[in-house]
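Reader: I have a chain open in the viewer and would like to talk it through with you. Could you take me from the overall picture down to single residues?

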Amino acid sequence: MTRIQSNSEQIAAAIEEQGIVMNQVGESITDLNQISTDNMNNATACIEEVQKVSNQTQHMDKAISVFKI
């Protein structure tokens with residue numbers, strides 16, 4: 001009888017540990033999702049800035065083309 005009780009306690013402890021691990025995995029997935037979202041937003045902002053610089057370069061090229069010898 002004590003052997004059955006011991007096995008039951010081990011199973012209960014293993015289930016509890018699995019629950020804790022699953023919570024940690026869930027939190028890690030949430031963190032990764034946030035990091036991915038932040039990276040996407042940063043990449044989008046970077047692309048927008050590159051486009052602005054490209055436009056400014058084109059305007060400067062037009063402006064200085066008047067001064068070419």
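Predicted model: local features only at pLDDT ≥ 70, side-chain atom pairs only at ≥ 80, totals over all residues.

Reader: Fine. How many helices and strands are there in the protein chain?

Author: The protein chain has one helix and zero strands. Its radius of gyration is 30 Å, whereas the globule rule gives 11 Å for 69 residues, so the chain is more spread out than a compact globule.

Reader: And what does the C-alpha trace span along its principal axes?

Author: The spans along the principal axes are about 100 × 15 × 5 Å for the C-alpha trace of the protein chain.

Reader: What share of the residues is buried, then?

Author: Buried residues account for 0% of the 69 residues in the protein chain. As for the surface, the accessible area of the protein chain amounts to about 6,500 Å², and carbon and sulfur atoms contribute 60% of that.

Reader: Which residues make the nonpolar surface patch of about 240 Å²?

Author: That patch is made by V21, V25 and I29. To take one of them, I29 sits in helix α1, which covers residues 2–64.

Reader: Is I29 buried or exposed?

Author: I29 is exposed, because its relative accessible area is 54% and the cut-off for being exposed is over 50%.

Reader: Switching to charges: how far apart are the mean positions of the positive and negative ones?

Author: They are 20 Å apart, taking the 4 positive and 9 negative charges of the protein chain.

Reader: How many salt bridges does the count come to?

Author: The count comes to one salt bridge. The partners are K52 and E49, whose closest N and O atoms are 3.4 Å apart, and that falls within the 4 Å used as the limit for a salt bridge.

Reader: Where do K52 and E49 stand relative to each other in the helix?

Author: K52 and E49 are three residues apart in helix α1, so about one helical turn separates them.

Reader: Staying with E49, how far is its C-alpha atom from that of M1?

Author: The C-alpha atoms of E49 and M1 are separated by 72 Å, and the two residues are 48 residues apart along the chain.

Reader: What about T30 and S65, how far apart are their C-alpha atoms?

Author: For T30 and S65, which are 35 residues apart along the chain, the C-alpha separation is 53 Å. T30 itself lies in helix α1 and is exposed, with a relative accessible area of 51%.

Methods. Residues numbered from 1 in each chain as written. Heavy atoms only, no water. Helix = DSSP H or I, 4+ residues; strand = E, 2+ residues; numbered from the N terminus. Rg over C-alpha atoms; globule rule 2.2 N^0.38 Å. Buried < 20%, exposed > 50% of the residue type's maximum accessible area, 1.4 Å probe, protein only. Areas by Shrake-Rupley, 256 points an atom, 1.4 Å probe, with all protein chains shown as cover. Lys, Arg positive; Asp, Glu negative; His and termini not counted. Charge placed at Lys NZ, Arg CZ, Asp CG, Glu CD. Patch = residues over 30% accessible without salt bridge, like charges linked within 9 Å, V, L, I, M, F, W, Y side chains within 5 Å. Salt bridge = Lys/Arg side-chain N within 4 Å of Asp/Glu carboxyl O.
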